[in-house]
Amino acid sequence: MRTRWWMAALLIALWVGACAPPSLPTPTPSPAPSPTPVPARSALRLGGEALVEQARESLAERLGLSPDQIEFVSVTSDEMALEDLNCPTAEGPKKTSPPALVIGQEIIFRAGGQEYVLHSDGRRLILCRAGEEIVGEQIWPEPEGEPTDSRSAGAEIAVVAQAVADLAERLRVTKDTIQVRSVEAVEWPDTSLGCPEPGKMYAQVITPGYRILLEAQGKAYEYHASQNRVVYCTR
């Protein structure tokens with residue numbers, strides 16, 4: 001009797017299992033698209049030996065010499081005004097008070113018995129001085145050259161200046177106490193610029209722009225930008 005009862009219970013359990021709908025795998029959410037770094041001409045950043053060699057070649061081209069006729073003297077790093085990299089023009093120094101700052105390099109060469117002083121932020125080279133003559137001329141990349149995409153050096157400088165001004169207002173400090181640590185060209189996947197606000201809709205279009213890292217009072221602050229808009233990104 002017990003055997004029959006046990007067999008009947010087993011048959012019922014098998015029948016119920018066969019009739020139950022198959023379980024579906026739980027879908028794995030796709031990760032949000034991340035911005036793609038773009039090697040734009042205005043965003044190319046040089047440093048170390050690459051920066052010195054680019055400076056040597058650019059100076060040689062401007063002077064009509066070969067690079068081996070340009071003697072390297074020294075390179076040093078210091079804080080420089082973002083706008084002109086501490087290179088006054090022949091009309092005199094530009095009046096920007098207070099300026100946004102960036103860590104730049106002063107490179108000195110010698111050619112034909114004369115010293116040439118260049119300043120760089122890794123993205124551009126400015127010939128500040130030739131002997132005693134004030135030059136203040138950007139020699140790389142050539143200003144008249146076309147950029148590889150819609151970004152421009154002018155747009156980059158403008159949005160970095162906006163970010164510096166915004167952070168200075170947030171922290172209630174002067175702009176000259178804020179340092180620009182890095183500026184990276186990216187393509188944001190939508191108009192949120194990688195910093196969406198909860199409940200807000202954004203156009204799903206690729207938006208060229210920048211990721212800007214600032215430093216103030218020993219802390220890092222991140223800003224995201226398009227060509228004309230800057231967003232403080234807290235994440």
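Modeller: Let's start with how elements are named: helices (H or I, at least four residues) and strands (E, at least two) are DSSP runs, numbered from the N terminus. By that rule, the chain has three helices and ten strands. This is a predicted model, where local features need pLDDT of at least 70, side-chain atom pairs count only at pLDDT 80 or more, and totals for chains, interfaces and linings use all residues. Residues are numbered from 1 along each chain as its sequence is written, and side-chain values use heavy atoms, with hydrogens and water left out.

Biologist: Thanks! Where is R124?

Modeller: R124 sits in the loop between β4 (114-120) and β5 (125-130).

Biologist: Why is R124 called buried?

Modeller: Buried means under 20% relative accessible area, exposed over 50%, and partly exposed in between, using a 1.4 Å probe and protein chains only. R124 has a relative accessible area of 7%, so R124 is buried.

Biologist: What makes the link between the side chains of R124 and D121 a polar contact?

Modeller: A polar contact is a pair of N or O atoms within 3.5 Å; within protein, one must be able to donate a hydrogen and the other to accept it, and residues adjacent in sequence count only if both atoms are side-chain atoms. For the side chains of R124 and D121 the value is 3.0 Å, so the pair counts as a polar contact.

Biologist: Which residues is R124 in contact with, leaving aside its neighbours within four places in sequence?

Modeller: Contact means heavy atoms within 4.5 Å. With those neighbours set aside, the partners of R124 include L82, E83, H119, W140 and P141.

Biologist: What kind of peptide bond joins W140 and P141?

Modeller: A cis one, with omega about -15°. P141 lies in the loop between β6 (133-140) and α3 (153-171).

Biologist: How much of the whole chain is buried?

Modeller: Buried residues make up 36% of the 235 residues.
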